[in-house]
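Reader: I am new to this protein. Please take me closely through a single part.

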Amino acid sequence: MQKFMCHCDKEIDLEIDDIINLDEHPEYFTQMKENKFLSVTCPHCGSVLKPEITLQVQSENLGIDYYIIPELDRLSFYRGKIIVPQKCEVLIGFPELFERIRIIDARLDTESIEIIKYYLQCKAEDSDPEAEITIYFQKHEQNILIFYGYGFSNGQIAKIPVPLANYEQILSDKQNIKKQQPFSDIFKGNYRSIKKLASEDDEN
């Protein structure tokens, strides 16, 4: 069981273990895929909350062992102040976990998707330099991969289609791409996300 604070300053108990096995609880997989995991109604004020907590998500069948860190702890992780269990891949924030589950559900390669996200984000930032844009994979429809872009200056969410053929080309050349910058940095260590580049820009 874990605890968290509601914005009404009352402590709420979460009926969930620190380690989740998706093989034993397949219903969590569906909830994560649909962004419905861990929706909680505060018994004190009635607010519907989606708390972010530290969590380990495992599945032998899927070959995953993720350690999820709340978004608020991102800087602490970058500074080496958070201890991560050995052999775990780090995801920061539940949106990264939910996206990863959608990628697995679509039977796509996670690294190839991250490479596509990098190119999409670069293009989006060129068109809207003042924005802080985040790209997430959403779904696979027929021969199209659908991504959503958030954080544009106009407040809109962009739906970005990518032909499956583009993904397949990147997948076939992935090992060569990973040797190049910035991808050699992106895929280094136990946190492999294009969001690492934003932290490097902030430090420079």
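Which element gives the largest share of the lining of the second largest pocket?

Author: Helix H4 does, with five residues. The model is predicted; local features need pLDDT of at least 70, side-chain atom pairs need 80 or more, and totals for chains, interfaces and linings use all residues. Numbering starts from 1 along each chain as its sequence is written, and side-chain values use heavy atoms, leaving out hydrogens and water.

Start with the pocket. H4 spans 110-127. Strand E11 (158-163) and helix H5 (164-172) also supply at least two residues each. (Helices, H or I with at least four residues, and strands, E with at least two, are DSSP runs numbered from the N terminus.) The lining includes Ile-116, Tyr-119, Leu-120, Phe-152, Pro-161 and Ile-170. Lys-123 and Asn-166 line the pocket too. (A pocket is an open set of points on a 1 Å grid where a 1.4 Å probe fits, with protein on both sides within 12 Å along at least five of seven lines; lining residues have an atom within 4 Å of a point.) By type, the lining has nine nonpolar residues, one polar and one charged. (Asp, Glu, Lys and Arg count as charged; Ala, Val, Leu, Ile, Met, Phe, Trp, Tyr, Cys and Pro as nonpolar; the others as polar.)

Now look at Lys-117, which lies in H4. Lys-117 counts as buried because its relative accessible area is 5%, and buried means under 20% (1.4 Å probe, protein chains only). Lys-117 touches Glu-99, Ile-135, Phe-147 and Ile-194, leaving aside residues up to four places away in sequence. (Contact means heavy atoms within 4.5 Å.)

Glu-99 takes us to helix H3. Glu-99 is one of the buried residues of H3. Ten of the twelve residues in H3 are buried, including Arg-100 and Arg-102. Just after H3, Arg-107 has a positive phi of about 60 degrees.

How values were computed. Buried means under 20% relative accessible area, exposed over 50%, partly exposed in between (1.4 Å probe, protein chains only).
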